Amino acid sequence: MRASEFFIGTTKEMPNDAEIISHQLMMRAGFIRRLGSGLYTWMPVGLRVVRKIEAIVREEMAAAGALELLMPAVQPAELWQESGRWDKYGPELLRISDRHDRDFCVGPTHEEVITDIVRREIRSYKQLPVNFYQIQTKFRDEIRPRFGAMRAREFIMKDAYSFDIDEAGLQKSFDRMHAAYVRIFDRIGLDYRAVDADSGSIGGATSTEFHVLADSGEDAVVYSTGSDYAANMEKAAAIPTGERAAATRSMTRVETPGVHTIDDLTNAVGQAATQCLKTLLVKGASEQAPVIALCVRGDHELNDIKAENLPEVAEPLSFADATAIRSVAACDAGSIGPVGLSIPLFVDASAALMADFVCGANENNVHLGGVNWGRDLPEPEVRDLRNVVEGDPDPTGSGTLKIVRGIEVGHIFQLGTTYSEALNANVTDEGGRPQTLLMGCYGIGVTRVAAAAIEQNHDDKGIIWPEAIAPFEVVISPIHAAKSDLVREAAENLYLEMKHAGIDVLLDDRPLRPGQMFADMELIGIPHRFVVSDKLLAADQFEYKGRRDADATLIPRGDALEQLLKLRAS
């Protein structure tokens with residue numbers, strides 16, 4: 001590609017609404033342009049990155065036995081009503097009506113559509129297993145689109161769906177996709193982790209997220225120092241340490257006027273947050289228990305997903321309002337405690353090990369000190385309710401937990417019969433009996449991968465693309481070519497040599513000063529640069545500089561291609 005025949009829209013100006021580095025650099029390098037809130041045009045140089053990610057995804061999907069198709073972006077409401085998600089999915093689902101007032105949505109995902117296809121097309125177990133995938137534009141009506149391509153409303157996604165007749169088959173399909181995802185992210189060149197995750201609104205049981213590690217990541221990723229254990233914060237198991245100490249104090253009332261928070265309480269009673277108990281009231285899932293109490297240690301935070309996954313707790317998780325609190329605890333929120341509560345009570349495992357602790361007295365401006373389980377109130381019903389903290393033990397017993405930030409770029413699920421049962425997707429088994437299909441779901445945010453790669457690979461000059469997805473592998477920068485036939489000819493010959501060798505090369509033949517030419521290519525993030533000039537040619541040399549290199553090096557003119565091939569292979 002010749003730069004004079006391409007569009008390069010770099011700019012020095014920092015976009016006002018760009019909050020993270022990938023958004024800033026994608027705008028400045030001319031990769032994307034904003035059309036509206038959460039809506040972006042992928043410009044030619046940015047689209048080259050997207051297409052390279054898609055190519056890797058397609059190759060690995062094919063290697064894993066998946067078959068590509070393309071489903072409609074607009075989906076009839078009837079399918080979503082049949083699955084039960086039309087109301088459940090919430091306001092992120094963009095609902096539209098056609099001229100006949102029939103309801104549709106713009107697809108954020110395609111479980112319903114693919115299940116409808118399979119229930120019409122797959123009749124016998126002999127046609128299984130099957131895995132269909134697509135790479136397609138999705139739309140989710142984010143309440144606050146932000147971070148450019150990282151959390152846009154419209155984005156490109158690879159979604160795949162497997163169908164099997166039994167659990168063993170589903171596990172095989174899931175494992176095959178897991179291995180394919182590892183190959184995809186390895187080939188792209190990302191530092192990532194695969195972590196256990198909650199299935200969220202998609203449904204199903206087993207799920208694994210793939211996170212690119214970056215300080216700007218929205219998600220907390222938990223991993224072990226001594227094993228392969230890794231999970232996102234929603235799923236990470238919090239394992240208590242030690243045993244409960246014996247009671248040494250009697251339960252006493254403590255006047256605590258103006259105390260509403262744990263910090264207030266620790267200051268008022270002179271005890272650490274580790275010795276204070278938080279009691280939170282949430283809405284229950286049944287009419288018989290409309291309010292549920294959850295207890296965590298004062299220095300710990302309730303994990304909303306773990307709490308919501310309790311069958312006794314209403315979904316989505318909602319905290320009890322002031323009226324409901326007073327009806328069961330006769331106090332305001334800051335004074336709730338477990339002693340004397342006559343509602344279902346679930347206690348985090350770490351909180352269950354507390355002794356001589358401080359808690360609310362269910363009376364405004366009063367707390368209780370020296371409280372002990374089994375003496376002052378019943379032994380607790382224990383659940384894992386809290387977020388893990390750095391230094392917690394690894395659930396496998398092989399190390400401790402560390403917490404880093406991650407950007408979710410892929411998610412694979414074992415959905416089971418969540419959709420096939422709702423949409424009546426069955427096949428006949430070997431004995432001629434109808435069997436409900438078991439389903440897996442596997443997604444990669446293609447455009448998000450591009451943004452995440454920048455978050456992980458950049459410096460003060462611009463983007464540093466992993467070579468596999470760079471818009472161009474190599475740029476040839478001829479200096480003052482308009483004034484030198486020798487420079488033009490040498491640059492052209494090098495360009496043709498690399499092009500014929502299958503290198504994705506850009507000849508920067510724009511009439512620019514060297515400083516501006518170099519700055520543009522560093523901003524865009526091209527991995528390899530060769531400079532051609534009269535001075536270099538006089539010494540029969542080219543100048544080479546890798547995007548990550550601090551300094552340029554001189555190489556013999558005839559060795560340029562060989563040197564590049566060696567660098568690509570290393």
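## Rings and charges

Modeller: This is a predicted model. Arginine 193 places its charged end over the ring of tyrosine 223, 4.1 Å from the ring centre.

Biologist: Over the ring of which residue does the charged end of arginine 529 sit?

Modeller: The charged end lies 4.0 Å from the centre of that ring. The ring belongs to phenylalanine 518.

Biologist: How many aromatic pairs does a search of the whole structure find?

Modeller: Ring centres must lie within 6.5 Å to count as a pair. With that cut-off, the number of aromatic pairs is 10.

Biologist: What kind of pair do the rings of phenylalanine 6 and phenylalanine 472 form?

Modeller: Their centres are 5.5 Å apart. Planes over 60 degrees apart count as edge-to-face. Here the angle is 85 degrees, so the pair is edge-to-face.

Biologist: How many residues apart are phenylalanine 6 and phenylalanine 472?

Modeller: Phenylalanine 6 is in the segment before helix H1 (21-28). Phenylalanine 472 is in the loop between strand E25 (462-463) and strand E26 (474-478). The pair links distant parts of the chain, and the separation is 466 residues.

Biologist: Are phenylalanine 185 and phenylalanine 210 buried or exposed?

Modeller: These two form a tilted pair, 5.6 Å centre to centre, with 35 degrees between the planes. Phenylalanine 185 lies in helix H6 and phenylalanine 210 in strand E10, so the pair ties together parts 25 residues apart in sequence. Both residues are buried.

Biologist: Which residues form one aromatic cluster with Phe185 and Phe210?

Modeller: The cluster includes Phe185 and Phe210.

How values were computed:
Residues are numbered from 1 along each chain as its sequence is written. This is a predicted model: local features need pLDDT of at least 70, side-chain atom pairs count only at pLDDT 80 or more; totals for chains, interfaces and linings use all residues. Side-chain values use heavy atoms; hydrogens and water are left out. Rings of Phe, Tyr and Trp (its six-membered ring) pair if their centres lie within 6.5 Å; planes under 30 degrees apart count as stacked, over 60 as edge-to-face and the rest as tilted. Helices (H or I, at least four residues) and strands (E, at least two) are DSSP runs, numbered from the N terminus. Buried means under 20% relative accessible area, exposed over 50%, partly exposed in between (1.4 Å probe, protein chains only). A charge sits over a ring if NZ of Lys or CZ of Arg is within 6 Å of the ring centre and within 35 degrees of the ring normal.
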